Amino acid sequence: MKAEMINCFGEVQNLFRRAGCGAALLALVSACGGGSGGGTSTPPPTPVAPAETPRYLLGGTVSGLLPGASVVLANGTEKLTVTANGPFSFVGKLAAGTAYQGKVDSASAGLGCSIAQGAATMGSADVSTLAVRCLPILLAGVQERIQRVDGIAQDGAGNYYIADVPSQVIHKLAPDGSLSIYAGMPGKAGAVDGPAASATFYMGGRAPLVSDGKGNLYVADTCNGQVRKITPAGVVSTLAGKRRANCSATLAEPDGVPVYADGPGTQARFGVIASMAMDPNGDLLLVDDGQFQVRRVTPTGVVSSYNVLFAEPNGQPRTGRVGQMAVDANGVIYLSNSSGSKMYRLANGVASLVAGNVRTSGYDGNGVNASFRGVRGMVFERSGNLLLTDREAIRRMTPDGQVTTVVGRYVPDAGGNYLDWKNLTQILIGDTGSMLVYDSTLQRLSRVDGGNRIVILPVIQGNIGQVDGVGAAARVGTLKASDVCSDPAGNVYLLEAANKVLRRLTPNGKLEVYVGIAGRAGSDDGPRLSATMLSPVAIACGADGAVYVADRAPNSASFNLRKINADGVMSTVEPLPADGFGLQQYILAIDKDGYITWTEALDGGIYRRPPGGVFSLFVSFETLARSFGDSELGLQDVLPYSMVFDSKGNLYFDDYYHQVIFKADRSGAVTIFAGTLYSTKNADGAPGVGSLSFAGMPSLAIDQADNLYLSGQDGVRKIDTAGVISSPQLAWGNPIVEALAFGNGTLYGYTARAIIQMPLP
């Protein structure tokens with residue numbers, strides 16, 4: 001026993017020298033029986049490894065990826081690239097109780113992806129519920145870089161400048177065919193002066209452009225009520241006009257100051273500028289569709305004005321409305337009347353008839369023996385003759401009133417082809433004598449060279465024809481908010497009123513006629529492809545897959561409600577209420593329970609029909625306007641462009657004049673749901689804080705969670721169920737969207753002759 005203790009003591013000494021560890025020493029002493037006062041020794045406990053915290057995988061499923069495409073997903077700082085449809089998992093594991101938020105970081109060009117069920121807290125098992133859904137952004141048609149041509153000019157170097165109102169920019173088309181943005185910020189409205197790249201415009205309707213021959217460009221910034229100048233160095237300034245609060249020119253602003261006023265610079269007030277020309281001394285001459293009809297702006301910005309009296313042969317001068325204007329090399333002003341059926345020469349405030357009559361037959365001839373279909377553009381040739389765009393033709397008028405057709409209508413082009421022009425508006429003549437013309441119906445920009453050789457410019461080819469096809473092979477016409485809706489299955493319906501048909505665009509991008517016979521007007525009910533429509537103006541999609549159409553009633557100024565059921569059979573339901581005073585703007589909506597609403601622009605309000613009931617006035621626009629203290633009531637009380645229902649039956653509609661979104665519950669009580677009255681700042685926030693500009697065409701859509709999406713606000717804005725406005729970064733970027741619809745978890749938008757789409761979570 002003594003020997004054993006000596007050996008143990010030696011081991012203790014060795015361990016102490018090796019480990020220098022008191023704990024180890026005590027353990028060994030204990031093992032040797034020390035400190036116990038004797039007795040049997042106890043074996044040391046078995047070491048236990050610390051327990052690892054359980055961790056779990058985060059993942060889900062990807063669908064809709066096209067071959068060769070990929071999507072990058074992120075959770076915190078970790079990113080994962082997925083290149084095939086099917087299940088995925090992030091590499092890093094998460095402990096129970098850890099919050100996660102899966103996001104779509106990026107996707108291949110032309111692809112839009114969203115993620116559902118992406119945010120939660122990790123439990124005690126792997127997560128595989130993240131649902132990533134991808135779709136090609138372009139569903140049908142071809143996107144154009146230029147939305148619309150609202151004014152054209154040319155400088156001495158041969159560059160064309162194109163005012164594009166939907167985009168709020170001025171494009172530059174160089175002689176080599178390259179296209180760039182010369183001034184303005186795409187989709188952003190404002191009145192900011194300074195460098196052209198950061199300047200903003202708020203052009204509306206027409207936006208006449210004029211070049212002064214020195215490289216300066218002038219634009220009628222109509223919604224701002226200003227004339228803007230752009231120098232050759234690319235600097236934008238305001239030449240004249242005080243900025244208006246919104247795009248409506250009224251007799252007085254809220255402060256009581258008259259809109260129309262002469263004076264220097266920003267003391268002047270303009271109405272709606274419809275035409276602009278430059279006289280030889282450098283003054284700008286404007287046609288103002290307001291209190292004063294002809295305005296003169298000097299190079300320093302001093303504005304003066306006078307009204308015009310129209311003199312017919314052997315008649316006394318009388319008042320009338322001016323249409324277009326042009327000035328010859330000697331400073332002589334020529335005018336058209338507002339209908340474009342007559343041409344006049346202006347002298348000392350009196351416009352004397354040169355050519356035209358009350359007929360609109362478009363015959364050639366001299367003086368009153370000539371007739372025009374509707375002149376919408378005027379420009380002088382060097383010879384002193386006046387070139388005119390007259391609907392389907394270019395006409396020439398000499399100073400003595402001799403009118404001939406240059407090309408179009410019954411005069412073929414250089415190849416002997418008769419042109420399909422529909423509505424020529426803009427015309428410009430270059431230094432070489434070639435003409436540039438724009439057809440607003442075909443959305444086509446063409447150059448007419450010597451001998452009537454026609455060249456369609458590739459920057460805006462007019463891919464507007466109504467052509468069946470799949471994806472980019474299809475052609476989409478011009479659409480507005482009331483022309484588009486989507487059913488629960490994600491089919492998008494496009495109303496082509498001029499062609500008397502309703503087209504259907506399926507989720508796989510196939511566009512085809514769904515109802516009607518192209519070009520045939522009628523009121524025949526029956527199977528969809530044998531039914532006919534007389535003059536359809538608005539559509540709405542029901543929760544049951546039916547599509548409703550507001551169509552002109554036979555031999556009447558009113559409309560009928562017609563229905564295409566889920567089986568594709570069309571029937572006439574009943575007359576729609578009407579006062580017969582529409583403005584070519586009509587809105588139809590239906591909720592999931594069958595409540596139908598209908599309104600005509602500038603009518604008394606919104607009418608509603610409950611299921612099995614009759615139409616009655618639901619929202620009075622006059623009453624609504626009076627509730628805000630509006631003192632000058634009239635035709636412009638409230639002006640909606642779009643209305644939608646939520647899942648609870650509440651109705652939402654925009655108001656272009658008050659810059660807000662209204663909400664009407666089932667009882668008819670109306671409140672401001674989003675935005676701030678008369679505020680156009682485009683700010684995010686709750687009602688009374690957030691604001692909407694209504695700088696573009698407003699269109700409403702509502703998703704499955706009752707979130708609203710609104711176009712025409714420097715992009716598409718989102719409004720949640722509490723009325724809070726936000727500016728989401730949508731997968732399709734920031735195109736100029738003029739109409740919205742929602743169906744089957746997908747947001748659809750119409751932009752420049754194309755339908756685009758993006759999945760929503």
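How many disulfides does the structure hold? The structure holds two, where a disulfide means a pair of cysteine sulfur atoms within 2.5 Å.

## About the model

This is a predicted model, in which local features need pLDDT of at least 70 and side-chain atom pairs count only at pLDDT 80 or more, while totals for chains, interfaces and linings use all residues. Residues are numbered from 1 along each chain as its sequence is written, and side-chain values use heavy atoms, with hydrogens and water left out.

## The chain as a whole

The protein chain has three helices and 65 strands. Both are DSSP runs numbered from the N terminus, with at least four residues for helices (H or I) and at least two for strands (E). Of the 761 residues of the chain, 53% count as buried. Here buried means under 20% relative accessible area, exposed means over 50%, and partly exposed falls in between (1.4 Å probe, protein chains only).

The accessible surface of the protein chain comes to about 32200 Å², and 53% of that surface belongs to carbon and sulfur atoms. Accessible areas come from the Shrake-Rupley method with a 1.4 Å probe; for residues, only the protein chains shown count as cover. Now for contacts, meaning heavy atoms within 4.5 Å. Among those between residues at least 6 apart in sequence, 45% join residues at least 24 apart.

## The two disulfides

Let's start with Cys-113 and Cys-134, whose sulfur atoms are 2.1 Å apart. The link is right-handed, with 110° about the S-S bond. This pair links distant parts of the chain: Cys-113 belongs to strand E8 (residues 111-116) and Cys-134 to strand E10 (residues 127-136), 21 residues apart. Cys-113 counts as buried because its relative accessibility is 10%, and Cys-134 counts as buried because its value is 2%.

The other disulfide joins Cys-485 and Cys-541, again with sulfur atoms 2.1 Å apart. Its link is right-handed too, with 60° about the S-S bond. Cys-485 sits in strand E42 (residues 484-486) and Cys-541 in strand E47 (residues 536-541), so the pair ties together parts that are 56 residues apart in sequence. Both Cys-485 and Cys-541 are buried.

Strand E47 deserves a look of its own. E47 is mostly covered, with six of its six residues buried. Five bridges join E47 to strand E48 (residues 547-552), and the two run antiparallel. Strands count as paired if DSSP finds at least two bridges between them. Cys-541 has Val-547 as its bridge partner in E48.

Together, E47 and E48 form a hairpin with five residues between them. In the turn, Gly-545 has a positive phi of about 90°.

Trp-598 has Tyr-607 as its bridge partner in E53.

## Aromatic pairs

A search of the whole structure finds 14 aromatic pairs. Rings of Phe, Tyr and Trp (its six-membered ring) pair if their centres lie within 6.5 Å; planes under 30 degrees apart count as stacked, over 60 as edge-to-face and the rest as tilted. One of the pairs is Phe-653 with Phe-662, which is tilted, at 5.3 Å centre to centre and 40° between the planes. Phe-653 counts as buried because its relative accessibility is 0%, and Phe-662 counts as buried because its value is also 0%.

Tyr-656 and Phe-694 form an edge-to-face pair, at 6.5 Å centre to centre and 85° between the planes. This pair links distant parts of the chain, 38 residues apart: Tyr-656 is in the loop between strands E56 (651-655) and E57 (660-664), and Phe-694 is in the loop between strands E58 (670-675) and E59 (700-702). Tyr-656 and Phe-694 are both buried. Ring pairs also link Tyr-641, Tyr-656, Tyr-657 and Phe-694 into a cluster.
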